[in-house]
Amino acid sequence: MLTELEVKNAKPRNVSYMIRDEHGLYLRIDPSGCKYFIFRYWGNKKEHKMSLGPYPELSLKDARLKRDEIQTQRAKGESISTQSEKVPQIFSEVASEWLKTRMKGRAENYLRTIHFRLNKYILPELGAMSLKEIEAPDVLRLCRKIEDTGHEETARRVKTVVGQIFRFAIASGWTKYDPTSALLGALSPRRNKHYATLTDPSEISILMRAMKAYPYTLIRCAMLFSIYTAARLGEVRAAEWSEIKGDTWDIPAGKMKMKRRHIVPLSRQVKEIIEELRPLTGKGRWLFPTPRDNGKCMSENGVRVALRTIGFAKEQITPHGFRAMFSTIANEHGWNRDVIERQLAHVEENTVRGAYNHAEYMPERMKIVQWWADWLDGLTDSLA
């Protein structure tokens, strides 16, 4: 009999090979290092093989339970022509199996993002094709269409999802080829950015959990205030109590990068942060005063140092990167680009028109900031 340690430590060779457990259960190891359990049995004078699932998604213990269930069915004379015997051929079928197997236990918002990428971009192009039909040019064509809309980061994420599905199919013994492996360097290179950011929901989930657990109240509130509002760090740390007006934060032109007044709608989460701060700093000028001298606002290094303290390097995320994160995720989820740009206080091409539109799209912006805050909080339901 195999042990869990032997399964874990089984090394790939130049060709696929199998290690026997007992009663027809085997572990197959491919040259790629992928492992999966198969069940071999005889019926009608023929040998049959059934893929039970890839390791480590399927443990040795669970593989044995599956084998025993099948043996019981056979002993009762029941048909074992189950869904697990059917080898998926169509990409959409494999994607469905991948979602059920690999996405189990993921955060709801993370799953929503994956479903969005599948349904909006991937399945309309590749869903009806068989695994054997899909080649590197097909995936590249899909990604280039997304790049042409200006969403280069989304194109890279879509390529990643397609690759994950194909590697799942390889591990399950349904195909031997991952077309995305031939696309190294084929997509538009990442543009040089001054501010690093995160766009993978699983990474953002870890970031949110770490920020919410940060022990120092002022810094924790400043980090969350920044990510929820997508405002510039300089605007956040210089926020004054006199600027908080009900459901909005009214930033005067003198504090803005482009010297134009900017009204920021406040989500429920931001208002809760404000109420948490009120007994601490509400009698002073600043929402986020420096701990050493209440006559000054918080230092620009406060949030930056905190991000490093919780384990994120400057190459991964910066405070300004919260804005790029908001822009990427909101665009990917189909929000009006003009609304996103207005929330970020980006310059209107028509500067005369822009000067009079500091509150433009306010109803839509009220909706998007609440959606954004809820989306971020949803990632902390479970580790993505």
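In the predicted model, three strands form an open sheet in the order S5-S6-S7, with antiparallel pairing; strands pair if DSSP finds at least two bridges between them. The edges are strand S5 (244-245) and strand S7 (262-265), each of which pairs on one side only. Strand S6 (residues 248-251) and S7 run antiparallel and are joined by four bridges. Within this pairing, Trp249 stands opposite Val264 in S7. Helix H15 (residues 362-378) packs on the sheet and touches S6 and S7, contact being heavy atoms within 4.5 Å. The direction of H15 makes about 45° with that of S7; axes are lines fitted to C-alpha atoms, for helices over the stretch in contact, and angles run from 0 to 180 degrees between N-to-C directions. Helices (H or I, at least four residues) and strands (E, at least two) are DSSP runs, numbered from the N terminus.

Helix H7 (residues 201-212) has twelve residues and should span 16 Å at 1.5 Å a residue, which agrees with the 16 Å between its end C-alpha atoms; the expected span is 1.5 Å times one less than the number of residues. Buried residues of H7 include Pro201, Ile204, Leu207 and Met211, where buried means under 20% relative accessible area (1.4 Å probe, protein chains only).

Ala230 lies in the loop between helix H8 (217-229) and helix H9 (233-237), and its phi is near 60°, a positive value in a residue other than glycine. Ala230 counts as buried because its relative accessibility is 1%. Ala345, in the loop between helix H13 (337-343) and helix H14 (351-355), also has a positive phi, near 60°. With a relative accessible area of 16%, Ala345 is buried.

Residues are numbered from 1 along each chain as its sequence is written, and side-chain values use heavy atoms, with hydrogens and water left out. As the model is predicted, local features need pLDDT of at least 70 and side-chain atom pairs count only at pLDDT 80 or more, whereas totals for chains, interfaces and linings use all residues.

Terms used
Buried < 20%, exposed > 50% of the residue type's maximum accessible area, 1.4 Å probe, protein only.
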